[in-house]
Amino acid sequence: MPILNKDMTLCISLSARPSNNGTRFHNHLYGQLDLNWIYKAFAPTNLKQAIAGVRGLGIRGCAVSMPYKEDVIALVDEMDPSAKAIDSVNTIVNTDGHLKAYNTDYTAIEQLLASNHVPTSYSVLVQGAGGMAKATVAALRDAGFTDVTVLARNETTGRALAEQYGFQWRPELGGGTADLIINVTPLGMAGGHDADTLAFPAETIDAARVVFDVVALPAETPLIKAARAAGKPVITGAEVATIQALEQFVLYTGVRPTPEQVRAAEEFMRAQ
């Protein structure tokens with residue numbers, strides 16, 4: 001990374017629980033590509049002021065994580081179809097003060113379902129109803145899954161999300177069984193009160209054929225550890241983080257790194 005200087009381009013992330021994943025991934029790629037850029041993670045105390053800072057300070061890119069993926073919609077100037085279709089934002093690109101919102105979470109979920117060859121005939125439980133859940137449910141629908149149930153205590157958001165895509169809703173978290181189970185809540189996320197919480201009960205994990213946890217930190221969440229111990233194929237939040245961060249990098253810089261450069265950045269990110 002070059003020495004800090006006045007001509008550096010700044011990108012940031014906003015999250016209630018910031019991690020070093022994006023910081024390490026983006027900054028490593030800047031170094032490999034000899035870009036005079038820098039990336040920094042923040043936990044905003046006021047989201048509206050933070051987005052005003054993105055605009056006013058000429059910050060080029062802003063990643064958006066839980067729980068702000070829906071709240072930022074009112075603060076941007078334009079919604080790309082990737083974000084507008086699911087009313088969820090994880091990426092903001094600033095072009096001369098014009099803030100355009102995107103969603104690369106959808107792309108990550110879509111690619112991982114395909115690369116892991118998850119049969120669309122599988123029954124699915126999706127636990128959560130926030131912004132990331134919207135991207136996940138939309139990707140499932142578009143991939144061809146039809147037997148999907150959204151688990152969410154909040155009936156208003158849970159039922160609305162399920163019905164929008166022609167799926168079912170149930171209020172109990174962790175209830176029932178399915179071939180594919182997906183955690184899209186903060187359960188198991190490092191730094192929170194639920195960091196040690198298993199997102200699904202043991203009987204649900206045992207009955208599953210594939211276990212997917214979108215939580216990226218830690219890479220081995222309680223759910224992923226339990227699934228591996230039960231001999232289940234897993235898809236991790238760390239994999240989601242890599243793909244969505246790569247697509248953000250391309251949106252910010254206009255440069256697509258080589259697969260070798262991405263692998264090096266991913267290894268650096270995971271070595272923390």
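Helix 6 has buried residues whose cover includes helix 5 (131–143), strand 8 (148–151) and strand 9 (168–170), where helices (H or I, at least four residues) and strands (E, at least two) are DSSP runs numbered from the N terminus. The model is predicted, so that local features need pLDDT of at least 70 and side-chain atom pairs count only at pLDDT 80 or more, while totals for chains, interfaces and linings use all residues. Residues are numbered from 1 along each chain as its sequence is written, and side-chain values use heavy atoms, with hydrogens and water left out.

Within helix 6 (residues 155–164), the residues G158, L161 and A162 are buried, a word that stands for under 20% relative accessible area, with exposed meaning over 50% (1.4 Å probe, protein chains only). Seen down the helix axis, the buried residues of helix 6 fall within an arc of 95°, so they line one face of the helix; the arc is that of the directions from the axis to the C-beta atoms. T156 and E163 are exposed on the other side of helix 6, and just after this helix G166 takes a positive phi of about 75°.

T253 lies in helix 9 (residues 237–253) and counts as buried at 17% relative accessibility. Leaving aside its neighbours within four places in sequence, T253 is in contact (heavy atoms within 4.5 Å) with Y30, L35 and W37.

| Side chain | Backbone atom reached | Distance |
|---|---|---|
| T253 | oxygen of F249 | 2.8 Å |
| T253 | nitrogen of V255 | 3.0 Å |

Notes
Polar contact = N/O pair within 3.5 Å; in protein donor to acceptor, adjacent residues only side chain to side chain.
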